[in-house]
Number of protein chains: 4
Amino acid sequence: MVSVDFNADVGESFGIYSLGRDEELLAYVSSANVACGFHAGDPATMRRTVRAALERGVAVGAHPGLPDLVGFGRRSMDLTPGEAYDLTVYQIGALWAFVKAEGGNLRHVKPHGALYNMAATDFRLAEAIARAVYDVDPRLILFALSGSELARAGERMGLRVAHEVFADRTYQSDGTLTPRRSAGALIEDPVLASRQVLRMIREGKVRSVDGTEVPIRADTVCLHGDSPRAAEFAREIRRELELAGVSVRPPGG
Amino acid sequence: MVSVDFNADVGESFGIYSLGRDEELLAYVSSANVACGFHAGDPATMRRTVRAALERGVAVGAHPGLPDLVGFGRRSMDLTPGEAYDLTVYQIGALWAFVKAEGGNLRHVKPHGALYNMAATDFRLAEAIARAVYDVDPRLILFALSGSELARAGERMGLRVAHEVFADRTYQSDGTLTPRRSAGALIEDPVLASRQVLRMIREGKVRSVDGTEVPIRADTVCLHGDSPRAAEFAREIRRELELAGVSVRPPGG
Amino acid sequence: MVSVDFNADVGESFGIYSLGRDEELLAYVSSANVACGFHAGDPATMRRTVRAALERGVAVGAHPGLPDLVGFGRRSMDLTPGEAYDLTVYQIGALWAFVKAEGGNLRHVKPHGALYNMAATDFRLAEAIARAVYDVDPRLILFALSGSELARAGERMGLRVAHEVFADRTYQSDGTLTPRRSAGALIEDPVLASRQVLRMIREGKVRSVDGTEVPIRADTVCLHGDSPRAAEFAREIRRELELAGVSVRPPGG
Amino acid sequence: MVSVDFNADVGESFGIYSLGRDEELLAYVSSANVACGFHAGDPATMRRTVRAALERGVAVGAHPGLPDLVGFGRRSMDLTPGEAYDLTVYQIGALWAFVKAEGGNLRHVKPHGALYNMAATDFRLAEAIARAVYDVDPRLILFALSGSELARAGERMGLRVAHEVFADRTYQSDGTLTPRRSAGALIEDPVLASRQVLRMIREGKVRSVDGTEVPIRADTVCLHGDSPRAAEFAREIRRELELAGVSVRPPGG
């Protein structure tokens, strides 16, 4: 049976500050990327989030980010590969401990924000991150933008890589995402979003904004949690996929 | 053969800032307490320090502290037990990942500074810390002030506890350390310091500043790294103990 | 004409994290205490908040807190008076610059959370904070718990002090607030809250929870912004006071 | 009489961590750039440093940096102009308060590290920083790399700008510094360094590494404090310049 993973970023609250609709999203995803305290998250939030994910049978992954809380890890920084390695190891470990304490297993790692974007195109950075994941635990699955340098680096390192696609974003003819600020960047209709995902899964293709067919591999679908309709969108896409015979479950699961 | 552990705090540099004489100290201790990024230390320093300790065959432990870099974790904070639990789990995990990446095993946990002091007298805090250690890995050895609430909490939890004594500090008749600012708080002569340690190991006693004999258990001896003579002092005490037939090795080793 | 000040804590968002209902509250208060980046707030939030307050003619004050973002400055810390002095100077300056850049004048200083509470009872800490305010600008008005050590320290220093009372909290017979977790700590009815404030202003008295009359000075009334009904509560109290002939305006204004 | 300013970065310690040879350097410079707590420095260090500079009659300036303590503000970050404006305002204010509390006047602003470098070539960022300085106090002097976008932005804004040159660095034919890692980047002989500075002051020229004459304006000379010989180098250059009839004093002084 054909399957795909649904993942979402959770655990992005910090101290008194609440962010996201984790409880709702966890009902629809199969993998949860938990913030690790650098771009978001704090020890108490991590514990609560890991517990909530495990209770729902959602696979837990680390979501390491840049050390930039005020910028939510979205501002590129001029990191050396060594610095990227070190902050990835640190954050994976911090989250691992909560998963261990809660009786679960850490399953995957997905870099956050600017770290994810930089690693998608900078092979040396990608390699450092892949190596960090491998050195902490070679069984961890690396989530990376489909077709990116990070996916390539992970595969070279011998890691299992989950190629990530986006349900609610359109693609350009070179396989990259249409920038958020461009017209037509977002897909707001869950039925259209589901169709895009289904084609990616079944045919390994996506139709770009200018109409060309682009090859793409879809192991895991990223769902955004920062809109009020996030959970509803997730639920509808999941239902559409299940109606089409695609089961939603974690990669390697 | 009688043995005792020597431990020292290392990895307390941060970014561009260098602190301590780790290289020298690692030559004389059997256990290294590595700062985990809250009161001191950063991911790069953690990696380098773990590597240096493992290369010298020194047992590596986590040294979690309060989230207070500017105060070096030395200022008491009004933490709930839950907060203490969470920040201990987080920091153990962060360090564990570097030890794992470097091919070693994490061996122990010793709280730092104000966290150590608060846990010595506050049983609820002590229990939370002991539980955090246990939940991450019940094989970890908890380093705690000899006879303290933390030692007691660790034992109740089922952890192996290394009771810690100080070579360069005098004791009061209730078994607590003479406060640093009091006259006679420090023992600066390594021969006298060695004798105090030897009695603790062999007879389970220490003579307090007012002359009474106080029962004490000495599994591990803390050596301070923040004085220029730290390494020399460590070397001399180690030599004295070895001459007296006491071997220096990690607890549980 | 009799007047009183209404103050509220604002500018407590941080980066992507939004907190409080500043826009609504600014419509009803005469003084705004703006977080300065230690317990909450960041440079962008400070600029926006200062601008919003000045646009509404609300007097702007600095709201310095402990360096504890994850604990929102609510956890007591063992600060020396020197440390309290330094962090108060720093935060007043940071906020002053935004007020200056926006063309306004900084009017007051009110310590936040645990710093406020510690300074209410610890005279040395209170003195250090009062001195910090004085040294930066002796024209600044110090907001302090009515009758507290901080109020006393400010007056000794020669500062104008605004004695602060709470509309929505009950008092004990020694003049302190009934702890939040006790029954009867909160006054949820704005009419009752207004009557308590009116008596404080006109008679200099408050009736404690056990029925005794306690002398109290009320220069400024603290309104909390962290409940959904905060703005409504503020509006109702303000209306009640104005109906009773009390005008709401900043101290010294 | 011809004069030039000597400036150095000071106040870069943090908490328990000591960095630099401030005491020695302050004896030879006329302007001190004091770190403001983002890339280095903390409230206590700022107070001590401001006091030490004022006691020696050294002009005090703010040295705002990126919010990156672990990277010492040396890693470029993808800041918006608005973010650069806000963090500059914040840091100037924080330092201003210490200068005010110590009875002095804040004289200048010099961005640090990556912020300085980015502002040298990115006009929008430069403009935001210049505007921040102007908005806080239009009398402040902006220190900027000689001939840079930041110098240009400051002048357009109506600020006094001190064009900064380096005594111990060589220049390329386009007027930029030879990158540190290139051969011949550093001038280690204080006599040669003094000659380079003298020509810059008297003739407005510097000979580049490939022998061409490059026009340059030298209002202030940056002296580095991070080498063991820093103070000696500063003293020797100062003596050479004074022997040549150039007095060392702050710009606008």
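A salt bridge is a side-chain nitrogen of Lys or Arg within 4 Å of a carboxyl oxygen of Asp or Glu. In this predicted model, the side chains of Arg47(C) and Asp86(D) form such a bridge, with 2.5 Å from N to O. Because 2.5 Å falls within the 4 Å limit, the pair meets the rule. Across the interface of chain C and chain D, the rule finds 2 salt bridges. The interface also holds 6 residue pairs in polar contact, both residues being at pLDDT 80 or more.

**The side of chain C that touches chain D**

Three helices of chain C, α2 (43–55), α3 (81–101) and α5 (123–136), each supply at least two residues of the side that touches chain D. The largest share comes from α3(C), with 12 residues. Sorted by class, this side of chain C has the make-up shown below.

| Class of residue | Number on the side of chain C that touches chain D |
|---|---|
| Nonpolar | 15 residues |
| Polar | 2 residues |

**Extent of the contact**

The contact draws 22 residues from chain C and 22 residues from chain D. Between them, the two chains bury about 1800 Å², and 67% of this area lies on carbon and sulfur atoms. Of the area that chain C buries against chain D, 33% is supplied by Asp86(C), Tyr90(C) and Trp96(C), more than by any other three residues.

**How the copies are related**

The same surface serves both copies, since 100% of the contact residues of chain C recur in chain D.

Chain B is superposed on chain A by a rotation of 180° with 0.0 Å of shift along its axis, and the RMSD is 0.0 Å. The two copies are therefore related as by a two-fold rotation axis. Here, too, the same surface serves both copies: 100% of the contact residues of chain B recur in chain A.

**Aromatic pairs**

A pair of aromatic rings is described by the distance of the centres and the angle of the planes. Over all chains, the count comes to 14 aromatic pairs. One of them joins Trp96(A) and Trp96(B), with 3.6 Å centre to centre and 5° between the planes, and is stacked. Which helices does this pair link between chain A and chain B? Trp96(A) lies in helix α3 (residues 81–101) of chain A, and Trp96(B) lies in helix α3 (residues 81–101) of chain B.

Note on methods:
Residues are numbered from 1 along each chain as its sequence is written. Chains are lettered from A and ligands numbered from 1 in the order in which they are written. This is a predicted model: local features need pLDDT of at least 70, side-chain atom pairs count only at pLDDT 80 or more; totals for chains, interfaces and linings use all residues. Side-chain values use heavy atoms; hydrogens and water are left out. Contact means heavy atoms within 4.5 Å. Buried area is the accessible area (1.4 Å probe) that two parts lose on being put together, summed over both. A polar contact is a pair of N or O atoms within 3.5 Å; within protein, one must be able to donate a hydrogen and the other to accept it, and residues adjacent in sequence count only if both atoms are side-chain atoms. Helices (H or I, at least four residues) and strands (E, at least two) are DSSP runs, numbered from the N terminus. Ala, Val, Leu, Ile, Met, Phe, Trp, Tyr, Cys and Pro count as nonpolar, Asp, Glu, Lys and Arg as charged, and the others, Gly among them, as polar. Copies are superposed by least squares on the C-alpha atoms of residues with pLDDT of at least 70 in both. Rings of Phe, Tyr and Trp (its six-membered ring) pair if their centres lie within 6.5 Å; planes under 30 degrees apart count as stacked, over 60 as edge-to-face and the rest as tilted.
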